[in-house]
Amino acid sequence: EQLRFVHEAIAERCCETLRLDELAALAGMSRYRLLRAFRAVYGMTPHAWQLDRRIQHARRLLDKETPLAEIALHLGFADQSHFQRAFKQRVAVNPGEYRRLRKRNFVQD
């Protein structure tokens with residue numbers, strides 16, 4: 001139950017900078033307990049889950065021809081290269097290549 005509030009907060013506010021202290025307070029537990037409990041339930045840390053949510057959002061924005069720098073800024077990444085590294089780590093291609101493959105219908109959601 002406590003983790004559900006954190007999970008929902010991250011989903012709703014994935015583009016914001018969410019501090020671990022803030023999430024722990026929301027769950028009513030220490031930072032370390034939150035990390036362990038969240039990983040046990042969801043299989044990853046709150047930060048990793050937030051990055052995954054951002055990448056899912058980026059995939060939708062890439063379909064709309066939104067410029068990469070604008071996507072990075074909108075999703076809360078430090079800069080375009082940080083966005084591109086995080087995207088490639090999770091999707092296995094960089095955002096530009098992903099966009100080209102989607103246009104040719106090689107990649108589906």
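The expected span of a helix, which I will need in a moment, is 1.5 Å times one less than its number of residues. With that in hand, and keeping in mind that what we have on the screen is a predicted model, let me begin with helix H3, which has 12 residues and reaches 16 Å from its first C-alpha to its last, close to the 16 Å expected at 1.5 Å a residue. Just after H3 comes Gly 43, and this glycine takes a positive phi of about 80°.

Let me step back to the overall picture. The protein has seven helices and zero strands, so that, read along the sequence, the pattern is simply α-α-α-α-α-α-α. Taken along the principal axes, the C-alpha atoms fill a box of roughly 45 × 25 × 20 Å. Of the 109 residues in the protein, 37% are buried, and the exposed surface comes to about 6800 Å², with carbon and sulfur atoms supplying 50% of that area. If we take the contacts with a separation of 6 or more, residues 24 or more positions apart account for 48% of them.

The largest nonpolar core has 15 residues, and the members that touch the most other members are Ile 71, Leu 75, Phe 77, Phe 83 and Phe 87. At least two residues of this core come from each of helix H4, which covers 46-63, helix H5, which covers 68-74, and helix H6, which covers 80-91. Which helix gives the most to this core? That is H4, with five residues. There is also a second, separate core of 11 residues, and Leu 23, Ala 27, Leu 34 and Trp 49 are included in it.

Leaving aside residues up to four places away in sequence, Phe 77 touches Leu 51, Arg 54, Ile 55, Ala 72, His 82, Phe 83 and Ala 86. One of those neighbours carries a charge, and the charged end of Arg 54 sits over the ring of Phe 77, 5.4 Å from its centre.

A pair of aromatic rings is described by the distance of the centres and the angle of the planes. The count of aromatic pairs comes to four. In one of them, Phe 38 and Tyr 42, the ring centres are 4.6 Å apart and the planes stand at 40°, so the pair is tilted. These two residues are four apart in helix H3, residues 31-42, and are therefore separated by about one helical turn. Are they buried or exposed? Phe 38 counts as buried because its relative accessibility is 0%, whereas Tyr 42, at 29%, counts as partly exposed.

The pair of Phe 87 and Tyr 98 has ring centres 5.4 Å apart and planes at 70°, so it is edge-to-face. This pair links distant parts of the chain, with Phe 87 in helix H6 and Tyr 98 in helix H7, residues 95-103, the two being 11 residues apart. Phe 87 counts as buried at 0% relative accessibility, and Tyr 98 is likewise buried, with a relative accessible area of 1%. Together with Phe 77 and Phe 83, Phe 87 and Tyr 98 form one aromatic cluster.

Gln 50 is found in helix H4, and because buried means under 20% relative accessible area, Gln 50, with a relative accessible area of 6%, is buried. Not counting residues up to four places away in sequence, Gln 50 touches Ile 10, Arg 13, Cys 14, Glu 16 and Leu 18.

Gln 84, for its part, is found in helix H6, and at 27% relative accessibility this residue counts as partly exposed. With the same exclusion of residues up to four places away, Gln 84 touches Leu 68 and Pro 95. From C-alpha to C-alpha, Gln 84 and Asn 94 are 5.9 Å apart in space, while in sequence they are 10 residues apart.

Definitions and conventions. Residues are numbered from 1 along each chain as its sequence is written. This is a predicted model: local features need pLDDT of at least 70, side-chain atom pairs count only at pLDDT 80 or more; totals for chains, interfaces and linings use all residues. Side-chain values use heavy atoms; hydrogens and water are left out. A nonpolar core is a set of buried Ala, Val, Leu, Ile, Met, Phe, Trp, Tyr and Cys residues joined through side-chain atoms within 4.5 Å. Buried means under 20% relative accessible area, exposed over 50%, partly exposed in between (1.4 Å probe, protein chains only). Contact means heavy atoms within 4.5 Å. Rings of Phe, Tyr and Trp (its six-membered ring) pair if their centres lie within 6.5 Å; planes under 30 degrees apart count as stacked, over 60 as edge-to-face and the rest as tilted. A charge sits over a ring if NZ of Lys or CZ of Arg is within 6 Å of the ring centre and within 35 degrees of the ring normal. Accessible areas come from the Shrake-Rupley method with a 1.4 Å probe; for residues, only the protein chains shown count as cover.
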